[in-house]
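The following exercises concern the structure shown below.

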Amino acid sequence: MKGLSILLVDDEPLMRLSMVDALEAIGHDVEAAASGTEGIEAIRQRPFDLVITDLRLPARTGSRCSKRPKNSRPTQRLW
């Protein structure tokens, strides 16, 4: 089974690294972003099957990252 394409957005480096390692270990393709701004830019660059985000991020909230930009395919929202 092919893993999901996942965007992980979290401003805490240790949490971000731990989650990326865990998700990659079970076969998912994970891209990490350290801010909401980075997350939104990543979504504009390519589609993801799933976005996992911290809801409390500096400058932009995590919920804003999970909203689909125009011209991109929908992502799965879990919460």
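**Exercise 1. Determine in which element Ile40 is found and whether Ile40 is buried or exposed.**

Step 1. Ile40 is found in helix α2, where helices (H or I, at least four residues) and strands (E, at least two) are DSSP runs, numbered from the N terminus.

Step 2. The model is a predicted one, in which local features need pLDDT of at least 70 and side-chain atom pairs count only at pLDDT 80 or more, while totals for chains, interfaces and linings use all residues. Residues are numbered from 1 along each chain as its sequence is written, and side-chain values use heavy atoms, with hydrogens and water left out.

Step 3. Ile40 counts as buried because its relative accessibility is 11%; buried means under 20% relative accessible area, exposed over 50%, and partly exposed in between (1.4 Å probe, protein chains only).

Step 4. From C-alpha to C-alpha, Ile40 lies 9.4 Å from Val9 in space, although 31 residues separate the two in sequence.

Step 5. Helix α2 covers residues 36–45 and lies across β1, β2 and β3, at about 160° to β1. Such angles run from 0 to 180 degrees between N-to-C directions, and axes are lines fitted to C-alpha atoms, for helices over the stretch in contact.

**Exercise 2. Describe the place of Ser35 and its contacts.**

Step 1. Ser35 has its place in the loop between β2 and α2.

Step 2. With a relative accessible area of 19%, Ser35 is buried.

Step 3. Its side chain reaches the backbone nitrogen of Glu38 at 3.1 Å.

Step 4. When neighbours within four places in sequence are left aside, Ser35 is in contact (heavy atoms within 4.5 Å) with Val9 and Leu57.

**Exercise 3. State the order in which the strands form the sheet, and how they pair.**

Step 1. Read along the sequence, the chain follows the pattern β-α-β-α-β-α, with three helices and three strands.

Step 2. The three strands form an open sheet in the order β2-β1-β3, with parallel pairing; two strands pair if DSSP finds at least two bridges between them. The edge strands, each pairing on one side only, are β2 and β3 (50–53). On average, neighbouring strands of this sheet are turned by 20° against each other, direction ignored.

Step 3. Strand β1 (residues 5–9) is joined to β2 by five bridges. Leu7 has Glu31 in β2 as its bridge partner, and Ile6 is partnered by Val30 in β2.

Step 4. From β1 the chain crosses through α1 to β2, and this β-α-β crossover is right-handed: with the strands pointing away from the viewer, the path from the first strand over the helix to the second runs clockwise.

Step 5. Helix α1 lies across β1, β2 and β3 and runs at about 170° to β2.

**Exercise 4. Locate His28 and list what it contacts.**

Step 1. His28 is found in the loop between α1 (13–25) and β2 (29–33).

Step 2. His28 is buried, since its relative accessible area is 17%.

Step 3. The His28 side chain reaches the backbone nitrogen of Leu4 at 2.8 Å.

Step 4. Apart from neighbours within four places in sequence, His28 is in contact with Gly3, Leu4, Ile6 and Leu23.

**Exercise 5. What percentage of the residues in the chain is buried?**

Step 1. Of the 79 residues in the chain, 38% are buried.

Step 2. Among contacts between residues at least 6 apart in sequence, 61% join residues at least 24 apart.

Note on methods. Polar contact = N/O pair within 3.5 Å; in protein donor to acceptor, adjacent residues only side chain to side chain.
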